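Hi,

Here is the structure I promised to pass on.

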Amino acid sequence: MRYCNYLSFLVKKEKAKDQAMSSTNRMSDSANLDESTDQEDRSFIGHTPSQIDALANRLAPHYTDFRIADRILLTGHSHQAWPNVARQGVLEGYHAAAERVDKKWGLAFEKIEHLRNYLRSWYNDTNGYYCPGPNTHSLVCSWLSSLNLKKGAQIVTTADEFHSISRQLKRLQEEGIEVVSVPADSLDTLADRLISALSPKTSAVLTSHVFFKTSHIFKEIGALAEVASQRGIPMLIDDYHGTNIVPFSLAPAPLAECFLVTGGYKYLQWGEGNCFLRFPKSCRLRPLMTGWFASYSSLANPPEKIIYDEGDWRFASATFDPTSAFRGSHVANFFTEQHLTPSTLRQQSLGQIGFLRNAFLNLDFPKETIDLAHPLPPEQNGGFLSLRSPHAGRLEEILFEKGVFTDSRGDILRLGPAPYIGTGQLKQAIEILGEALASTAKNL
Ligand SMILES: Cc1ncc(COP(=O)(O)O)c(C=O)c1O
């Protein structure tokens, strides 16, 4: 029996599970979410320095493989260290293959289901299916292929989407699709400007929840979702910079109808290969680009017409390396065991961003040399501090030479902590940034 038989069994099992899920998920949510994640209730107060250190010190012994004490990893917004238990996950994936051969998939799909449940809980979400994919690019492509994109059709988006979306949309534009890119700099009016750009020919709207250059949180995203829903326009949210760092409830009706992509490379600490497209259970879209994992149930007797299984796999591709799901599942367990709830993660991040921001402002460098990328308070900021400098790339190099990992995007230098980083390292990183700016000022 190849694993497809097992998979069609899973499809049936999933239907039964869905019914159970709607009643039990609320219970596990309330166990996991120690504070409401409703959009209205975002009044998290950041951890104080001693609270930051208490949590970081508790977590640090679990991250020794990544040598987090030997270097300052401020690339948490890109790739956080994995807890040591991730190794057991990789080994479990290996041993599952060695022991079970083609029958390893049963266990692999249980791991994926575990990751889905983690995300359902994070998003307060009883209305969503979660289709796995190796990266958000492949999932976005599958999703775009389900839209009505004839020549002259229109897509509304922001000018600050990550490349996985922006590259694809630019290519579609070359083929005659009208792409309206609304600048994402002025947050107060962003929802209104996106709404004004919608027209009867709009086939889709795509936006980030947290923007990858500035770390801005798009708080009015619900207002956009509401209008998109009223007009029957599918809306896709890129939440890669929100998941596991900026609590976001998909319970309100218009948001429950949205599509959302996210993945494990950053704040989830699941590593690469663990991306998901969340879609509403009512979705009947028929993506052009899918693989045979989208319809296991019909594999024995494929019908004339392409069908899609009910459940999480509608946008799926085909055979993939499941090791990443084993790794991710061990890490997800670790987060639960360590009580790293949405509220705790957000408060640790808020405290750290506030600490970094103050330390940076105390350096008091001329604004034309380096400045905050935006003046908004940490509450409107996601998981990294974004600094604007014409020397961002060079500063990243100097910091790296001194053991401080950061990254840069054009004139933006990004400093992203993670829950296991204490104030000692944050302070040291800003001191090193100050020295780099001062000592190289004439060469820069
Ligand atoms: C906002 C955002 N979306 C998506 C991605 C990753 O995309 P992909 O999974 O297609 O590599 C990133 C990675 O840095 C990102 O910052």
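Start with L277: setting aside neighbours within four places in sequence, L277 is in contact with C131, G133, L139, W143, F259, V261 and F315. L277 also belongs to the largest nonpolar core, a set of 111 residues in which C131, V205, M235 and L277 touch the most other members. Helix α4 (residues 105–122) supplies the largest share of that core, with 8 residues.

C131 deserves a look of its own. You'll find C131 in strand β2 (residues 128–133), and C131 counts as buried because 28 other C-beta atoms lie within 10 Å. Not counting residues up to four places away in sequence, C131 touches L139, F276, L277, F279, D312, W313, R314, F315 and A316. C131 and C275 sit 144 residues apart in sequence, yet their C-alpha atoms are 8.3 Å apart in space.

C275 takes us to the ligand. The residues around the ligand are N135, T136, H137, F162, S164, S208, F212, D238, Y240, H241, G263 and C275. Sorted by class, that shell has 4 nonpolar, 7 polar and 1 charged residues.

Before you go further, a word on confidence. This is a predicted model, with a mean pLDDT of 90 for the chain and 89% of its residues at 70 or more. Over residues 1–42 the pLDDT is below 50, although this stretch has 47 contacts in the model beyond near neighbours in sequence.

As for the overall picture, the chain has 13 helices and 13 strands. Of its 444 residues, 48% count as buried. Among contacts between residues at least 6 apart in sequence, 77% join residues at least 24 apart.

Now to helix α12 (residues 392–401). Which of the residues of helix α12 are buried? They are A392, L395, E396 and L399. Seen down the axis of α12, these buried residues fall within an arc of 105°, so they line one face of the helix. What do the buried residues of α12 pack against? Their partners are β11 (404–405), β12 (407–409), β13 (412–415) and α13 (423–439). On the face of α12 turned away from the buried side are the exposed residues E397 and E401. After α12 comes G403, with a positive phi near 85°.

Two other residues have a positive phi without being glycines. N124, in the loop between α4 and β2, has a phi of about 55°. H339, in the loop between α10 (323–337) and α11, also has a positive phi of about 55°. Are they buried or exposed? N124 is buried, because it has 26 other C-beta atoms within 10 Å and 20 or more are enough to count. H339 has 11 C-beta neighbours inside 10 Å, so H339 counts as exposed, the cut-off being 12 or fewer.

K367 is exposed because 9 other C-beta atoms lie within 10 Å. K367 and R388 are 21 residues apart in sequence, and 8.9 Å separate them in space, C-alpha to C-alpha.

Cheers

Key
Residues are numbered from 1 along each chain as its sequence is written. This is a predicted model: local features need pLDDT of at least 70, side-chain atom pairs count only at pLDDT 80 or more; totals for chains, interfaces and linings use all residues. A residue is near a molecule or strand if its C-beta atom, placed from the backbone, lies within 6 Å of it. Ala, Val, Leu, Ile, Met, Phe, Trp, Tyr, Cys and Pro count as nonpolar, Asp, Glu, Lys and Arg as charged, and the others, Gly among them, as polar. Helices (H or I, at least four residues) and strands (E, at least two) are DSSP runs, numbered from the N terminus. The arc is that of the directions from the helix axis to the C-beta atoms. Two residues are in contact if their C-beta atoms, placed from the backbone, lie within 7 Å. A nonpolar core is a set of buried Ala, Val, Leu, Ile, Met, Phe, Trp, Tyr and Cys residues joined through C-beta atoms within 7 Å. pLDDT is the predictor's confidence in each residue, from 0 to 100.
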